[in-house]
Every structure is written in structure tokens, then in C-alpha cells.
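Hi,

Here is the structure I said I would pass on.

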Amino acid sequence: MQLLEDVVELYQPEADARGITLALNAHRPLVATLDLDLMFQLLSNLLDNALKYVPEKGHVLLSAELRDGLLLEVLDDGPGIDGEHLERATEPFYRGNASARTAGEGLGLSMVAAIAQAHGAALSLSYATQEPRKGLRITLALPPLA
């Protein structure tokens, strides 16, 4: 839980400066076997991406819950990733058309995928809302403790 609070605290000033609501929805106790440094990097990459693409006055939510393992989600109400690019978004150096005008090298989500794999976690990217297709939902499902 402290890890989640720390990463949100790190990005809160940027969110505030842009008028973006950055929220955390998690309840103690949250127990998982994690490499804290890698998970901090994963969450930092996800929040950094969300804040890059969410428009002013937008919303970003980091949530966590225990559900047969630890389930982490980052949801935003930005433009999302076009369906044709959604499947390729975690490839190293891949940048879709919408990200062409945004700073970055196309490594953030590939690092997220690598860290998820190192933790035996399932990673999925989808629209935050289906009708209309909008925003981005990134879900990381960590396996239960052995």
C-alpha cells in the first residue's frame, strides 16, 4: 500500500499543475511478493503515460485490490489507444500515430510488460469505456501468494 501512496505522491504535483484529478483507490491490507523497485518503476511508467495523454481537467485512477492475487489498474479518460495499435503498444520502441507529437521513445509500456512478466503477472490493455471507446485501462493481475 505504501508503494502505491508513494508513486501517487510523486505524480500529484504534475497532475495538480494540469488540473488533472489523480486518485488512489486501495484498501489495506494488500499483500503480494514484489520487487518494490521494479513495481515502483512499473507504476511510474503507467502514471507518467496517463498524465501525458489525459487532457487538462481529466482523471487518472490507480486502484488495487486483492482478488485471487493482487489486481492493479490504472484507468484514465484520455483519448486511449486506437484498436489497431492497442496490441502493439507494449512492443519496444513502438509509438502509435497519436503519440508522435508526445515526448518519449516508446519504451514505457514495453518496460511495464517486462516487469509484469518478471512477476508472473498478466497484463492487459483495453478501453476504459466501451461506448464510446475512450480512455485506457491497464490491468496487472499478480498471482496469489504461494
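**What I found**

The protein has four helices and five strands; helices (H or I, at least four residues) and strands (E, at least two) are DSSP runs, numbered from the N terminus. Starting at the N terminus, the order of elements is α-β-α-β-β-α-α-β-β.

Before you go further: this is a predicted model, where local features need pLDDT of at least 70 and side-chain atom pairs count only at pLDDT 80 or more, while totals for chains, interfaces and linings use all residues. Residues are numbered from 1 along each chain as its sequence is written, and side-chain values use heavy atoms, with hydrogens and water left out.

Of the 146 residues in the protein, 41% are buried. Here buried means under 20% relative accessible area, exposed means over 50%, and partly exposed is in between (1.4 Å probe, protein chains only). As for contacts (heavy atoms within 4.5 Å), take those between residues at least 6 apart in sequence: 63% of them join residues at least 24 apart.

The axes of α2 and helix α4 (residues 108-118) come within 9 Å and cross at roughly 145°. Those axes are lines fitted to C-alpha atoms, for helices over the stretch in contact, and angles run from 0 to 180 degrees between N-to-C directions. The α2 and α4 crossing is left-handed, which is the term when the near helix is turned anticlockwise from the far one by less than a right angle (right-handed if clockwise).

On the α2 side, Leu38, Met39, Gln41, Leu42, Asn45, Leu46 and Asn49 meet Gly108, Leu109, Met111, Val112, Ile115 and Ala116 of α4. Sorted by class, this contact of α2 with α4 has nine nonpolar, four polar and no charged residues. For the classes, Ala, Val, Leu, Ile, Met, Phe, Trp, Tyr, Cys and Pro count as nonpolar, Asp, Glu, Lys and Arg as charged, and the others, Gly among them, as polar.

In α4, the buried residues are Leu109, Ser110, Val112, Ile115 and Ala116. Their cover includes α2, β4 (122-126) and β5. After α4 comes Gly120, with a positive phi near 70°.

Leaving out residues up to four places away in sequence, Met39 touches Leu3, Leu34, Leu72, Ile115, His119, Leu140 and Leu142. Met39 and Val112 are 73 residues apart along the chain, and 8.8 Å separates their C-alpha atoms.

**A cavity and a pocket**

How are these two found? On a 1 Å grid over the protein atoms alone, a cavity is a set of points where a 1.4 Å probe fits but cannot get out, and a pocket is an open set with protein on both sides within 12 Å along at least five of seven lines; lining residues have an atom within 4 Å of a point. Grid points are joined across faces, edges and corners, and a volume is the space filled by probe spheres set on the points.

The count comes to one cavity of 30 Å³ or more. Around the largest cavity are Leu42, Leu46, Leu72, Glu73, Val74, Ile138, Thr139 and Leu140. The elements giving two or more residues to that lining are α2 (36-53), β3 (70-76) and β5 (136-141). Its classes are six nonpolar, one polar and one charged.

The second largest pocket holds about 200 Å³ of space. Its lining has 14 residues, and Met1, Leu3, Leu30, Leu34 and Leu70 lie nearest its centre. α1, α2 and β3 each give two or more residues to this lining, which has 13 nonpolar, one polar and no charged residues.

Met1 itself lies in the segment before α1 (2-17). Not counting residues up to four places away in sequence, Met1 touches Ala26, His27, Arg28 and Leu30. From Met1 to Arg28 is 27 residues in sequence and 6.7 Å in space, C-alpha to C-alpha.

**Two loop residues**

Lys57 is exposed, at 61% relative accessible area. Asp68, in the loop between β2 and β3, is another residue other than glycine with a positive phi, near 50°. Asp68 is exposed too, at 67%.
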